[in-house]
Amino acid sequence: MCDIYVPSVGYVCWECKDEFKEYLKSEGKTDLDKNDIRRELERFLNTTKGNFEDGGQMDVDDFFKEYDR
């Protein structure tokens, strides 16, 4: 169950939150205001899980997380 609720966006699970933080870091988007973060989160949540980087690259831990029960 998701513990984070962002108004106008919806619920965000811990896994998506962590991936979103990595997405922002990989895009060099570190100095954002609240509205920019919300806009980026909305855009991010409309992508396919694990495909925020060009080519859908992921590290080995992310690969195994997809198959973890």
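This is a predicted model: local features need pLDDT of at least 70, side-chain atom pairs count only at pLDDT 80 or more; totals for chains, interfaces and linings use all residues.

For the cut-offs, buried means under 20% relative accessible area, exposed means over 50%, and partly exposed is in between, with a 1.4 Å probe and protein chains only. Residues are numbered from 1 along each chain as its sequence is written, and side-chain values use heavy atoms, leaving out hydrogens and water.

What does arginine 43 pair with? Its side chain meets that of glutamate 40 in a salt bridge, 3.8 Å from N to O. By salt bridge I mean a side-chain nitrogen of Lys or Arg within 4 Å of a carboxyl oxygen of Asp or Glu. Helices here are DSSP runs of H or I with at least four residues, strands are runs of E with at least two, and both are numbered from the N terminus.

Glutamate 40 has another partner: lysine 29, at 3.0 Å, N to O. Glutamate 40 is in helix α2 and lysine 29 is in the loop between α1 and α2, so this bridge ties together parts that are 11 residues apart in sequence. Glutamate 40 counts as buried because its relative accessible area is 14%, while lysine 29, with 22%, is partly exposed. Put together, Lys29, Glu40 and Arg43 form a salt-bridge network.

The structure has 4 salt bridges. Another one of them joins arginine 39 and aspartate 36, at 2.5 Å, N to O. Those two are also 3 residues apart in helix α2, so about one helical turn separates them. Aspartate 36 is partly exposed, at 24% relative accessibility.

Now the rings. Which residues do ring pairs link into a cluster? They are Phe20, Tyr23 and Phe44. The rule is that rings of Phe, Tyr and Trp (its six-membered ring) pair if their centres lie within 6.5 Å; planes under 30 degrees apart are stacked, over 60 edge-to-face, and the rest tilted. That gives 4 aromatic pairs. Among them, phenylalanine 20 and tyrosine 23 are stacked, 6.2 Å centre to centre with 25° between the planes. Both belong to helix α1, residues 14–26, and both are buried. Phenylalanine 20 also pairs with phenylalanine 44, this time tilted, at 5.4 Å and 55°. Phenylalanine 20 is in helix α1 and phenylalanine 44 in helix α2 (residues 34–45), so that pair ties together parts 24 residues apart in sequence. Phenylalanine 44 is buried, with a relative accessible area of 4%.

Val60, Phe63, Phe64 and Tyr67 make a nonpolar surface patch of about 470 Å². Patch residues have over 30% relative accessible area and no salt bridge, with like charges joined within 9 Å and nonpolar side chains (Val, Leu, Ile, Met, Phe, Trp, Tyr) within 5 Å. Areas come from the Shrake-Rupley method with a 1.4 Å probe, and for residues only the protein chains shown count as cover. Tyrosine 67 lies in the segment after α3 (60–65) and is exposed, at 59% relative accessibility.

To place all that, the chain runs β-β-α-α-α from the N terminus, and buried residues make up 19% of its 69 residues.
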